[in-house]
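Please keep the structure open while you read.

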Amino acid sequence: IRWQGNMARVVCPAHCEREPAAVAVGTGVHPLGSPICLGAIVDRVLPVYGGEMMLTKAAPIQAQRILGQPAGLESYSGGESNVAVSVSATGLKGEAWHGYPTDTLDLSPSLPPEHVVQDCMETFDKLPLETFGDSVIINCPGRCGGAGKLAGTLIYSPDSSMCWAAEHARVIGPRGGRAMVTRRHGQNEFFGSTEGSEQSQDAPGADASYTVALPTSDVLARMAAP
């Protein structure tokens, strides 16, 4: 993968789920050594016919940087789609990634209009994302840190404040901005962490989860008018 900072654009071939030696780990967020294209099929970000997606490599949170530890989760929850599965794992050290689609057969040329967040306490589960793998761009006001609840690191609980999560994940700054939100499979648990002045908490598992990422300029150009 050719990373530019913490982002990379990748193109997956068709039918990576048929590779007998490939074993995906995690769902929504995956360790860097997990097969990327198979993981995207499990996440329902890509169809079996392949396509293009944008990856975000997890940046080390503050505590990990201080201790010199690599980014990643304490444990990864497995998941499944109609054609592929991933396994759970604990104690895998190293960086992690998540991704959203940019060009697939299932993706409309015109993306949904952005969701303008009026209240910093607005949570992920209020977004119009019906199925796993669906994404929408949100537009956050500034200084949402501390508004409502925030549970998770890299991947967040449904009742977390979406703009606070975007600040915690360092996708936006205190002045606000746009972030790509993707609905993910459920997680066994959510792990809290401190990033700058932003503190998230631990929480029990839920039947859905969400990631936030920086939308690229070509994705922003395809948004439909509100």
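## Disulfides

Cys 120 and Cys 144 are bonded in a disulfide, with an S to S distance of 2.1 Å. The term stands for a pair of cysteine sulfur atoms within 2.5 Å. This is a predicted model, in which local features need pLDDT of at least 70, side-chain atom pairs count only at pLDDT 80 or more, and totals for chains, interfaces and linings use all residues. Residues are numbered from 1 along each chain as its sequence is written, and side-chain values use heavy atoms, with hydrogens and water left out.

The link of Cys 120 and Cys 144 is left-handed, with -65° about the S-S bond. Cys 120 sits in the loop between strand S9 (115–116) and S10, and Cys 144 in the loop between S10 and S11, so the bond ties together parts that are 24 residues apart in sequence. Helices here are DSSP runs of H or I with at least four residues, strands are runs of E with at least two, and both are numbered from the N terminus. Cys 144 is buried at a relative accessible area of 0%. Cys 120 is buried too, at 15%. Buried means under 20% relative accessible area, exposed means over 50%, and partly exposed lies in between (1.4 Å probe, protein chains only).

How many disulfides does the count come to? The count is 3. They follow the pattern 1-2, 3-5, 4-6, with bonded cysteines counted along the chain. The table lists each bond.

| Disulfide | S to S distance | Torsion about the S-S bond |
|---|---|---|
| Cys 12 to Cys 37 | 2.0 Å | about -85° |
| Cys 120 to Cys 144 | 2.1 Å | -65° |
| Cys 140 to Cys 163 | 2.1 Å | -90° |

Take the bond of Cys 12 and Cys 37. Its torsion is about -85°, so this disulfide is left-handed. The bond links distant parts of the chain: Cys 12 is in strand S1 (residues 7–12) and Cys 37 in helix H1 (residues 36–42), 25 residues apart. Cys 12 is buried at 5% relative accessibility. Cys 37 is also buried, at 18%.

Next comes Cys 140 with Cys 163. Their link is left-handed as well. Cys 140 lies in strand S10 and Cys 163 in helix H3, so the pair ties together parts that are 23 residues apart in sequence. Cys 140 counts as buried at 5% relative accessibility. Cys 163 is buried, with a relative accessible area of 0%.

Which cysteine sulfur is nearest to that of Cys 16, which is in no disulfide? The sulfur of Cys 37 is the nearest, 4.3 Å away. Cys 16 is buried, with a relative accessible area of 19%.

## Salt bridges

Side chains of opposite charge can pair when their charged atoms come close. Here a salt bridge is a side-chain nitrogen of Lys or Arg within 4 Å of a carboxyl oxygen of Asp or Glu. The whole structure holds 7 of them.

One of these joins Asp 159 and Lys 149, at 2.7 Å from N to O. Asp 159 is in the loop between strand S12 (155–156) and helix H3 (162–168), and Lys 149 in the loop between strand S10 (135–140) and strand S11 (152–153), so the pair ties together parts that are 10 residues apart in sequence. Asp 159 is partly exposed at 33%. Lys 149 is partly exposed at 29%.

Another joins Arg 170 to Glu 195, with the closest N and O atoms 3.8 Å apart. Arg 170 lies in the loop between H3 and strand S13 (177–190), and Glu 195 in strand S14 (residues 194–195), so parts that are 25 residues apart in sequence are tied together. Arg 170 is partly exposed at 43%, whereas Glu 195 is buried at 8%. Elsewhere, salt bridges that share partners join Arg 9, Glu 52 and Asp 218 into one network.

Arg 18 and Glu 17 also meet in a salt bridge, at 3.9 Å from N to O. Is Arg 18 buried or exposed? Arg 18 counts as exposed, at 60% relative accessibility.

## Strand pairing

Strands of a sheet pair through backbone hydrogen bonds, either parallel or antiparallel. Two strands count as paired if DSSP finds at least two bridges between them. In this model 4 strands form an open sheet in the order S1-S4-S8-S3, with antiparallel pairing. S1 and strand S3 (30–31) stand at the edges, each with a single partner strand, so one side of each has no neighbour in the sheet. Strand S4 (residues 51–57) and strand S8 (residues 96–103) run antiparallel and are joined by 6 bridges. Lys 57 has Trp 97 as its bridge partner in S8.
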